Amino acid sequence: MESFFNKYIDRVSHTETIHYTGSVTAVKGLLIESLGPSSVIGELVKIKTAADTEILAEVTGLEDKTVRLLAYGDTKGIQIGSEVVATGEILQAPVGKNMLGRVIDATGTPVDGKGPLEVTQYYPAIAPAPNPITRKPID
């Protein structure tokens, strides 16, 4: 009986119950400024557009209550007042043997028409490089 509830318990434990939100105050190309949300440098946010789509952006600067964002795609549909929702996550790249020969965009989404990625491991996009002296040689 316990295994029946495991999928529900897993879903609930990964559900974000508090959403930190803000609103767009300026758009200058791919650079977007918003009033809020409470976030940290490198965090990903979702910007809701007038067409009910979401654009992924990264927090690149903070000044007083102004949050500077860099969009990972076309900013079409963003307007003054568009809702900005913090995800609480940083950009991570999929890794593993299933990535060999695949083509992905800046957010790790496949663009090669070969279907979804089948990976289980991710590595932070912002991380220190491995020590070249101690790492295993590539063969």
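A residue is termed buried when its relative accessible area is under 20%, exposed when that area is over 50%, and partly exposed in between. By this criterion, in the predicted model, Arg-68 is partly exposed because its relative accessible area is 26%, whereas Glu-33 is buried because its value is 15%. The side chains of these residues, Glu-33 and Arg-68, form a salt bridge with an N to O distance of 3.3 Å.

The structure contains six salt bridges. Another of these joins the side chains of Lys-48 and Glu-83 at 3.5 Å, N to O. Lys-48 belongs to strand β3 (residues 43-48) and Glu-83 to strand β6 (residues 83-90), so this pair ties together parts 35 residues apart in sequence. Both partners are partly exposed, Lys-48 with a relative accessible area of 35% and Glu-83 with 31%.

A further salt bridge is formed by Arg-102 and Asp-112, whose closest N and O atoms are 2.7 Å apart. Arg-102 and Asp-112 are ten residues apart, in the loop between β7 (92-95) and β8 (121-124). Arg-102 is buried, at 18% relative accessible area, while Asp-112 is partly exposed, at 22%. Through shared partners, salt bridges also unite Lys-28, Glu-33, Glu-63 and Arg-68 in one network.

On the surface, a nonpolar patch is made up of Phe-4, Phe-5, Tyr-8 and Ile-9, which together have about 420 Å² of accessible area. Of these residues, Phe-4 lies in helix α1 (residues 2-13) and is partly exposed, with 47% relative accessibility.

Technical notes: Residues are numbered from 1 along each chain as its sequence is written. This is a predicted model: local features need pLDDT of at least 70, side-chain atom pairs count only at pLDDT 80 or more; totals for chains, interfaces and linings use all residues. Side-chain values use heavy atoms; hydrogens and water are left out. Patches are made of residues with over 30% relative accessible area and no salt bridge: like charges are joined within 9 Å, nonpolar side chains (Val, Leu, Ile, Met, Phe, Trp, Tyr) within 5 Å. Accessible areas come from the Shrake-Rupley method with a 1.4 Å probe; for residues, only the protein chains shown count as cover. A salt bridge is a side-chain nitrogen of Lys or Arg within 4 Å of a carboxyl oxygen of Asp or Glu. Helices (H or I, at least four residues) and strands (E, at least two) are DSSP runs, numbered from the N terminus. Buried means under 20% relative accessible area, exposed over 50%, partly exposed in between (1.4 Å probe, protein chains only).
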